[in-house]
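Look at the sequence and the model together.

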Amino acid sequence: MHGPASPGWLLVALCAATGAYCLLRMRSPVEEQRRAAGGEALMGFGMAAMAVPAAVFAPPSWAWPGYAAVFGVAALRALWTARRSPHHVHHLLGTAAMVYMALVMGASPGHHHEHDGSGVPLVTGVLLLYFVGYVLLSGIRLMPATGAAVGGGSVGWGDRPELARACRLSMGIAMVAMLLTL
């Protein structure tokens, strides 16, 4: 991504850690959770790879169409599964945003995205609005209700719903950061 190297590396670390946790979630006995965790792990690691600061590593010209192809396939899978679960509509928007960012980055390597007029390009603005809204709503959902008991017991790390929501929130924040630096 474009921008300073230090925040870029923090974004890489956040996305890679999120992807790693999603791999842990794939060990869940619940099939739907394993499926969602696999898509989220792909997003986390893909975002980490795309967030490597351009000043440190300039990917070869074939990398951006490669990212677009991988996330295009993931978007088709999310579109197919969105028929059964509204959660996959978010996956569809996330993978579509990754395709968009890969295409923009491939078209303008080494410098900021040029666009006609002033301000933010329309697609970037729409995606920013969606992901900012998603981050705010996800953050509110993570706040415990007054008087709610904290879950305990022998629930495994991959089956803790609050950690899965925190994982999705982290990726949403990373998506906002990536779109802002586009």
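A5 is in contact with P53 and V56, leaving aside its neighbours within four places in sequence; contact means heavy atoms within 4.5 Å. The place of A5 is in helix α1, where helices (H or I, at least four residues) and strands (E, at least two) are DSSP runs, numbered from the N terminus. A5 and A55 are 50 residues apart along the chain, and their C-alpha atoms are separated by 6.9 Å. With 31% relative accessibility, A5 counts as partly exposed. Buried means under 20% relative accessible area, exposed means over 50%, and partly exposed is in between (1.4 Å probe, protein chains only).

This is a predicted model, in which local features need pLDDT of at least 70 and side-chain atom pairs count only at pLDDT 80 or more, while totals for chains, interfaces and linings use all residues. Residues are numbered from 1 along each chain as its sequence is written, and side-chain values use heavy atoms, with hydrogens and water left out.

Helix α1 covers residues 5–25, and it packs against helix α2 (residues 31–50) at an angle of about 160°, with the axes 7 Å apart. Axes are lines fitted to C-alpha atoms, for helices over the stretch in contact, and angles run from 0 to 180 degrees between N-to-C directions. Why is α1 called roughly antiparallel to α2? The angle of about 160° makes α1 roughly antiparallel to α2, because angles over 145 degrees count as roughly antiparallel, under 35 as roughly parallel, 65 to 115 as roughly perpendicular and the rest as oblique. The crossing of α1 and α2 is left-handed, a term used if the near helix is turned anticlockwise from the far one by less than a right angle; clockwise is right-handed. On the α1 side, the residues in contact include V12, C15, A16 and G19, and on the α2 side they include Q33, R34, A37 and E40. By class, this contact of α1 with α2 has 11 nonpolar, 3 polar and 3 charged residues. Here Ala, Val, Leu, Ile, Met, Phe, Trp, Tyr, Cys and Pro count as nonpolar, Asp, Glu, Lys and Arg as charged, and the others, Gly among them, as polar.

The next pair is α4 and α5. Helix α4 (residues 87–107) and helix α5 (residues 122–142) pack at about 140°, with their axes 11 Å apart. That angle makes α4 oblique to α5. The two helices cross in a left-handed way. H90, L93, G94, A97 and Y100 of α4 meet V123, T124, L127, Y130, F131 and Y134 of α5. This contact has 8 nonpolar, 3 polar and no charged residues.

F131 in helix α5 is buried, at a relative accessible area of 2%. Not counting residues up to four places away in sequence, F131 touches H90, L93, G94, A97, G172, M175, V176 and L179. F131 and G172 are 41 residues apart in sequence, with 6.0 Å from C-alpha to C-alpha.

L169 lies in helix α6 (residues 161–180). Its relative accessible area of 15% makes L169 buried. Beyond four places in sequence, L169 is in contact with V135, S138, G139 and L142.

Finally, consider the whole chain. It has 6 helices and 0 strands. Buried residues make up 40% of its 182 residues. Among contacts between residues at least 6 apart in sequence, 80% join residues at least 24 apart.
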